[in-house]
Amino acid sequence: MPIKKKVKISSAKRGHHEKHKQNFGKSKKLLQKEKQLKDNIFFSNKNKIITNNQSSFEKRRKKQPKPELKKHEQNVEEILDMIDSDSDDYDFHGMATKRRKQMNEEDENQNVDTLEYEYQQYSQIEQNDNGEVKILLPIKTKSGIVSQSATVLEKKESNNQDSKVIVDKNNVDVNYKLDVELTDVTENKKDSVTTAELLIEREENIQKQKFFIGVTCANILEKPEERIKNISTLLDMLSKTNKSGKVNLLPVRKICIISIVEVFKDIIPEYRIGIVDTETQNLKKATLARVNYENSLLTYYKKYLTILENFTLKLQKKRYQVNTTTIDQVQIAEIATQCMCDLLIAHPYFNYGMNIAQLLVNLLNHGNVNLRNTVHSCFVIIFKSDNRYDLSKHIVRHINNLVKKKQHNVYPELVSCLKYLQIKDINLNIEKEKELKKRKLEAHKSRLINMSRKERKRKKKLTELEKELFETKAEENKQIKNSKLTEITKLVFTIFFRILKTAPTSKLLSVTLEGLSKFAHTINIEFFSDLIEILNNILLNAELGYREQLHCIQTVFTILSGQGDALNIDPARFYTHLYKNLLQVNAGKNHEYIEPILATLDNVLLKRRKTISYHRYIAFIKRLLMMSLQLLHNSCLGCLGIVKTALQLNSSLDILLDTDSILGSGNYNPEIEEPEFCSANSTCIYEIASLQRHYHPIVRKFANNIANSVSASGNGMLSSEIGKLSPIELYNQYDSTKMIFNPAILPNKNTTVKNNTREHIFTEENFEQFCVQHIKLSLNEDTTNALKLNFYCFILLFYFITFIFIIMNKKIKIR
C-alpha cells in the first residue's frame, strides 16, 4: 500500500470542517426549521411574558420516547462488521450511511413536530391570576420586535357550558372554555372630550404635519436627483383623504400646495425637457440617471398641475346649475390659481407652460374677483418681461378667441391686460416699405448689369462683407422678433376694432379706448379717418362716462400727433370736448383721471402747438391754471410743468403775466364751452398768486418761476434737476399715494413761546377811570351775591340735618 503523506490542516479549515460535520446529513428544510426555533421570539421571551404558568406548562408537557433501533438496522450493522473493508464489490457502507441519514431526518422531523405542537398548546391559552392570557402576533417597530398578549375573560352561562377539544397526535385531550371575549385597551369606554381639547389636538396635528412637510421639502431640495420620489408623499396630502384613509385638514392642504410650488420653482431646469427613448438608445450611466430623473420630475409636475386644475374646475359653474361651492373650495381654488401663476412667471417656457396660460385665460373671465386680479397681475408681469414673445402671442390669441366666443360679454380685466404689451415700436406699414425697397433694389440691379468686370468683382466682395456683418449683428433674430410683435399687434387691434364696431355701449369700451390711446401710433394710416369718425360718433351719441370721454380724446390726439399729421382732419370738435371737461377733475374720487389729461394736454399744447390757434391756446392755459387750484400737489406740478414749457416755447403768451395792459375786446367768460370765443386774452393768470402760498415747497418754486416770466437765472430760478422733468415725470415723482411726502417734512425745532400779552392804552383818562369804577362795582356785586348764596345754602343744610336727627330719635323710641 502507498504511504499516505501527512497533511497539515489550518485551524480555520478545521473549524469549518467540524461545523460542517454537525450539519452533515441534514436537509436545508431541517436546518431552516432549527434556525426558526432557535430565533423564535415567543420562546426567547417566554419567561418575560408569563412566569406563573411555567410549572403548569411543564406538567402538561410529556416526554417523547426515543425511537428504538429496528431489526433491519441491526442486521445491516452485523453484515458490515463481517465484510472486509478492502472489498469493493458492493458499497454496503454507503447504503448504511444513507439509511442512517433517513432515520435521523425522521427523528428530527418528529422532534420538530412535537415542539411546534407544544408551543401551539402553550400559546393558545394560559392561566393567569386575573383569568386567561392569549399570546398575539408580535409587532415589528423601529426599536425592534415587541410581543403582544391579551386577557381572556370567561363568559359564564348557567344553562350551557361548551368546551373546546384539542386533539394531540398522541391522542391527548384537553378541555377549555369556548365562549370568551377579548377585551382590548382600545375598546374601553373613553371619557368625554371637551371642545378645547379637540382644538388643541387639532392644532398639534397641524403642527406635526407642517413639520413633516418642511422636512420632506428640505430633503428633496438637498438631493433632488435621489429623492424626487418623495414628492408623491406630498401629492398624497393634497386630497381630502390620503391613501391610508386619514383626513387631510384644510390648513395642511394649503401649506402643502404652496410648499410643492416652492420645490418645483427651485428644481425645475431653465430648458424644456424632451422625451428620450432609453430602450432604443444606448446611453451612459450618468446620462441614463439624468434622463430618468427628468422623466420622473415631469410626471410629478404633470400630476401636480392636474390636481391644481381640478381645484379650479370646481368653481366653474355650468349653465342652468345651482352654485354649490363651499368656502373651503373657493380658498383652495384661489391658492391653486396663485401657485399656477407663480410657476408660469418663474418658468414660462418649461413644459406645459402653454397649457397653464390657456387655463389662466379662462380664469381671467371668472366671476370671482380675487381670481381675476391674481391672473391679471400675472399676465401683466409676463407681458412686461417676455422677451421671446411666444407666450404673449399664445395668450393674446386665446383672449381673442374667448372674446369672440362670448360675444363681448366678458369682464374688463380680460381686455385691460393687453395695454401692458410691449408693442410701442412696431410699424405695421413695414410691408409697404419692403415693397418700395424691393423696387429700388431691382432698379439698382439693372445698373449693376452694365458695370465692368472689375466693378462687379468689387461689388461681390462688398456684398459678402455686408453678409458677414449682417450675421454678426444678429439682424435675423430682430426680424423674427418684429414679425412676432407684428402678429401680436394685429390680434390686439382686431379685438379693439371689433368691440368698437359691434359693442360700443358695452363695459369693455373704457378699457378698449384706453388701449387704443396707448397703441394708436402703430395703426395703419388707412384706418385713421374711419377710426376718428367712429370715435366722434361715440362721443356724440353714446352715453359715456368721464373716463371714456377722456380716452376717446386722447386716442384722437395720439393719432394726429404721430403719422396723422399728413391727414387733413380738423380736430376742433375734440378741442371743445376737452376744454369742456377739464374742470370736472378735482382732488377727490376722480383725481386718478388727471394722468390721461396730462398726456392729452402734452400732445395738444406742446407737440401740436403749431396747429392750434392763438385764442384757443390762451384759453387752455387759463383753464389749466384754474384746474390746478383744485388738485393735489403732484397733479398741480404736472399742470405747472405744461404751463412753464408752453411759456418757454411761445413768447406771445407773456400777455397773461401783464396785469396792466389788456388786449382784446370783451370780458373773460369761463362758462363758455368754446375756447375760441371765451375772450381769454382779456384776463391774466391771477391763480399764480395763490399758488405762491401753496403748502408744497416745489409748487411754490414753480409758481415763483412762472411769475418771473420763466426766468432761467436770477430770482425765481429752478434747479436743473426739477426743471428738466416732464409733466408726467413730475406727477409720478411727487406722488404721495404711498404715504411718502417728497421732499421729506423736517421735524419742528424746540422753541419757547414768548408771552406777548400787552397792557391796554387809553387815550382819555376819564374813560379809563370810568372803566375801572365799573369793574370794581361789578366785582363788589358779585361778591355780595356770592355771600348771600352761601348763607342760604348753609341754612338749608342746617334744617336738613336737624330733620334727619329728629327722624332717627323717633325710630329709636319706637324700638
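User: In which helix does lysine 457 lie?

Analyst: In this predicted model, lysine 457 lies in helix α19, which spans residues 453-472.

User: Is lysine 457 buried or exposed?

Analyst: The general idea is that a residue counts as exposed when its relative accessible area is over 50%. Lysine 457 has a relative accessibility of 54%, and therefore counts as exposed.

User: Which residues gather with Lys457 in a patch of positive charge?

Analyst: Such a patch joins like charges that lie within 9 Å. In this case, Lys457 gathers with Arg453, Arg456 and Lys461 on the surface.

User: Why is the pair of phenylalanine 264 and tyrosine 301 called edge-to-face?

Analyst: The angle between the ring planes decides the class, and planes over 60 degrees apart count as edge-to-face. Here the planes stand at 75° and the ring centres are 5.3 Å apart, so the pair is edge-to-face.

User: Which parts of the chain does this pair link?

Analyst: The pair links distant parts of the chain, 37 residues apart: phenylalanine 264 belongs to helix α11 (residues 250-267), and tyrosine 301 to helix α12 (residues 285-313).

User: Which aromatic cluster includes Phe264 and Tyr301?

Analyst: Phe264 and Tyr301 form one aromatic cluster with Tyr304, Phe350 and Tyr352.

User: What is the geometry of the aromatic pair of tyrosine 579 and phenylalanine 620?

Analyst: Tyrosine 579 and phenylalanine 620 form an edge-to-face pair, with 5.6 Å from centre to centre and 80° between the planes. Tyrosine 579 is in helix α24 (residues 572-581) and phenylalanine 620 in helix α26 (residues 614-628), so the pair ties together parts that are 41 residues apart in sequence. Tyrosine 579 counts as buried at 0% relative accessibility, as does phenylalanine 620 at 1%.

User: Where does arginine 608 lie, and is arginine 608 buried or exposed?

Analyst: Arginine 608 lies in the loop between α25 (594-607) and α26. Its relative accessibility is 9%, so arginine 608 counts as buried.

User: How many residues apart in sequence are arginine 608 and serine 561, and what is their separation in space?

Analyst: Arginine 608 and serine 561 are 47 residues apart in sequence, while their C-alpha atoms are 6.6 Å apart in space.

Methods
Residues are numbered from 1 along each chain as its sequence is written. This is a predicted model: local features need pLDDT of at least 70, side-chain atom pairs count only at pLDDT 80 or more; totals for chains, interfaces and linings use all residues. Side-chain values use heavy atoms; hydrogens and water are left out. Patches are made of residues with over 30% relative accessible area and no salt bridge: like charges are joined within 9 Å, nonpolar side chains (Val, Leu, Ile, Met, Phe, Trp, Tyr) within 5 Å. Accessible areas come from the Shrake-Rupley method with a 1.4 Å probe; for residues, only the protein chains shown count as cover. A salt bridge is a side-chain nitrogen of Lys or Arg within 4 Å of a carboxyl oxygen of Asp or Glu. Lys and Arg count as positive and Asp and Glu as negative; His and the chain ends are not counted. The place of a charge is taken as NZ of Lys, CZ of Arg, CG of Asp or CD of Glu. Helices (H or I, at least four residues) and strands (E, at least two) are DSSP runs, numbered from the N terminus. Buried means under 20% relative accessible area, exposed over 50%, partly exposed in between (1.4 Å probe, protein chains only). Rings of Phe, Tyr and Trp (its six-membered ring) pair if their centres lie within 6.5 Å; planes under 30 degrees apart count as stacked, over 60 as edge-to-face and the rest as tilted.
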